[in-house]
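Open the model in your viewer and keep the selection panel at hand. The stops below go from a hairpin to a sheet and then to the helices beside that sheet.

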Amino acid sequence: MPVTAAVGRVSLGHPARAQGLSPAQIQQDLSQIAEAAGVSQPHLSALLTAIAELDHAAQEFIHHWAETLAWLQQDLAAHFLAQVPDALAVLEQPAIEGWLLRAMDAFDQRGLAVALEVLQDLPACVAAQTLARTGCTLDQIAGFLRHFIRALGGRPLAIVSDPLTYTDTDKIYLPALLITLPEPAGNARLLKCMAVYLWAQNRFGTWRYGTVGQAITQLDVLGWQVFQRLESVRIMACIGRELPGLGREMDSVAYADAAARRAWGNFSAAAQALEAPHASAQDSLALVAACRALALPPPRQYQGEMLPQKVAEAIARRVPREKDALRQALASLTPDAAEKDPDHPEETPPEVAAEGAAGNRYSLAQTAPNAAGEPQYELRYDGQKVALTAELDALLQSILQDLGELSEEHLSPSGAAGIDPRDEQGSPGAAGAGEVLSGPGEVFLYPEWDYRRQYFRPDFCALTEQVVPAGDDAFVARTRHKYRGLAKSIQRVFEAILTETQRQRRQPHGDELDLDALIEAHVDHLRGHEMSDRLYTHFHKAQRSVAVMFMVDMSGSTKGWINDAERESLILLCGALETLGDTYAIYGFSGRTNRRCEVYRVKTFTEPFSLAVERRISGISAKSYTRMGVAIRHLGKLLAQTPARTRLLITLSDGKPEDYGSYRGRYGIEDTRHALLEIKRDGIHPFCITIDREAQDYLPHMYGLANFTMVDDVMKLPWKVADIYRRITT
Amino acid sequence: MLSAESAAERMIFEEPYYEVLGNEREVFTAAYRNQLPVLLKGPTGCGKTRFVHHMAWHLKRPLVTVACHDDLTAADLIGRYLVKGGQTEWLDGPLAQAVRMGAICYLDEVVEARKDTSVVIHPLCDDRRILPLDKLGELLQVPPEFCLVVSYNPGYQSVLKDLKQSTRQRFVALEFDYPQPDLERRIVEIEGRVGPEMAARLVKFGAHTRNLKGAGLEEGASTRLLVNAAKLIGSGVAPGVACASAVAHALTDDAELLQTVHELASAVF
């Protein structure tokens, strides 16, 4: 990508938007950008004249965004410039920013053509601006909604945006923007009611396994419309019973006008039977035929659509998966089940196993519902109650939400506890084969901070974890030998840290009397002076609770002696850390472009130090680029999950962040800085050890003044790393 | 050293309100008769402390309670020398006091205490039943009426503060959880002095907040919080306000979660 002249001028330490440019400078920059994008001369001069007539703030605004777009793609900038005088006439600046951000996100995710479509659709943007003044976006309340729906109970439902409002029993789909009501607050309430209604469909059994299948075969288009309304009557009765406050609130936003309310009144009267506490979706289904002739009221405003096919797909994916998961969980609950059944070899297919003796041992008994109104069950093994883990309980609840009861097959522990449920899921014909959520190939998506936009580029980086292949033992042995003197002295220093305990004297409280203080006090007392009450010694032992993540630069530039020095440092440091007993992990990072970011696992927090770890350290090798932000976000997340009072992320690096494409320069530095700020918020202290002599230019900005160290001689790195570690953790 | 008054002060004469959850009373009584120490596990505010009060009343023993904190040392428990009038004088700590008076000694949140407290807890809790007072040169033989009870919450403490096996394996353990809905409703009704309908709604509200445990909240609303809310409501505070003050703000500071708890309150009332 060609770098424009304008980008070169934005240097470190300046705010994102360059200010104080003269009109002439702006004109010159803009014409450069436009020319580079191939805008023809007559167009260009007309455009520049139009821009010159705007006030200075508007000109700076245009200048900033034209540069930002040009940095991404020059055509985007050209299209923006062509439209900007019109856009400024009808849109406010925040709306224009939103428009451009959408275009840039489209470019990041779906390419130039889609981005240009967004840019050209100015009328849509104008409409969106009007809407934004009255509407409520899902983003604004998604965080709250997730908690709220979670709190209401049942199977956890994700909330995602979609043009249609419905649930497929795994997720709740809601519109990204709602403008039905005149006020943003009203629309927020309506969005909440939609989410609650769709939650209630799941919770109160609209989408039971049997019912869905039956409804799909029985109902025609009109039938579905009737069913939808009948279910609405039933579900609202359920909500009114369980959550009366919510029921009243939903009623207040249900109808567009009085006529709709009346129509619903008439309809509900015909379906009164469904308001009884024990009415089920089956009853609604049975009533459809009788109600076909009735005048149908308009849908209640929150009730969304019913998409039975989507539901059927989701259920078809989930039911077998959860059955396997349950059977495995049961198998692991009873490790003796297989042993007690010598005539029940492990190869027995599950179907046969279900009929075996083990199949009859588990049973499920319904107990009193909990206070939230959810039915409760007790799992019994040979008649004895089995304590459920939270996960198993959630699994059972989810299965029962689908099926209403458990078959015998569900309750037979699977023969081979080692089978991964994903194996079956991935077999041909099984739905959802692409939905592998964990395992060695897991892909983590992380946002990236774009300082020009002052926004995240959502899910921009795709990161995978890989294992470093084992290197040669000889390197480890060589390092040990080369640094045997140093290793001893590091060891001694670290041991000294461990035994550092303080006896604090003259304390008001403590473990023992401080005799010196006591005698002094006694003398004071005898002489008639005031006696001190600080008469105790307090034995204070500094308890270490440190978790440290070493993030090792594996970019191509480390090839050779830097890489050797990094590996040597790590081998020495591991010995020292074992002495201290600190929790530590080592990961390398590298990658090429935002879609192929990689971290390399050398040692996890829970893995003990071993020969295998040493071999992996010696296997650390130079790879490609240094996209630091995403690695920091990922490793920071791992670190944040580790319990310790002090958490450190130490980066060993040889230079500034850099990647193929646009990550070099200020963009990469700002993203890295932002990632570091994010992990600081999680209580992690970042620290950087670098051998880049120019680090003084950018490291203070990224890490803060006191949080980095430059090592000028790479040979000193092994000693320095240990020394720095001691310094920052004591 | 120890006056009869001190023991009398620590007696509980009025029956503390307590609803039996299961067989905990029988198990505790049996453990007490067999001179076995008791470990109470369970989330905060589910009635552990109230249970100990109840049992102390039931068994007619004085109760010595120590709230443990991370600066609590063995010396704080057994006692220490003080200087009085130019002389040193020994002062019993609460544990030594409890042993001498044959009381029930309750160490609340025992994992919070410093590790060296296990030195005094261990010999008390196995068949030796002794309390060595090293500095006094005395070896207290523990009377049969004495009983050590400790509590801890396995839920929210980090792995760093887990109870060591060597300690926990000396105890008879009783697990507590929030009571079943019917029972919890009765507790809120009686303890919080509200009507059955209001109590039922508060309990339902509590159950919804407990769904958020691990998904934003460290803990859901405890029975204690629900009782507090009920008390406020009983004094004329509107239910929404009572739930906000007694529950929502007590649970979290996070704005989104606060909104969620508020909305839950208005959903059930």
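Two strands pair if DSSP finds at least two bridges between them; strands (E, at least two residues) and helices (H or I, at least four) are DSSP runs, numbered from the N terminus. The model is predicted: local features need pLDDT of at least 70, side-chain atom pairs count only at pLDDT 80 or more, and totals for chains, interfaces and linings use all residues. Residues are numbered from 1 along each chain as its sequence is written, with chains lettered from A and ligands numbered from 1 in the order in which they are written.

Select residues 130-133 of chain B, strand S6, then 138-141, strand S7. The strands run antiparallel, joined by 4 bridges, and Ile130(B) has Gln141(B) as its bridge partner. They form a hairpin with 4 residues between them, where Gly137(B) in the turn has a positive phi of about 65°.

Next, select the open sheet of chain B, whose 5 strands follow the order S2-S5-S8-S1-S9 with parallel pairing. S2 (63-67) and S9 (172-175) of chain B are at the edges with a single partner strand each, so one side of each has no neighbour in the sheet. The twist averages 20° from one strand to the next. (Axes are lines fitted to C-alpha atoms, for helices over the stretch in contact; angles run from 0 to 180 degrees between N-to-C directions.)

Now show helix H2(B), residues 24-33, which packs on the sheet and touches S1, S8 and S9 of chain B. Contact requires C-beta atoms, placed from the backbone, within 7 Å. Finish at helix H5(B), residues 94-101, lying across S2 and S5 of chain B at about 165° to S2(B).

Notes
A residue is buried if 20 or more other C-beta atoms lie within 10 Å of its own, exposed if 12 or fewer, and partly exposed in between; C-beta atoms are placed from the backbone. Two residues are in contact if their C-beta atoms, placed from the backbone, lie within 7 Å.
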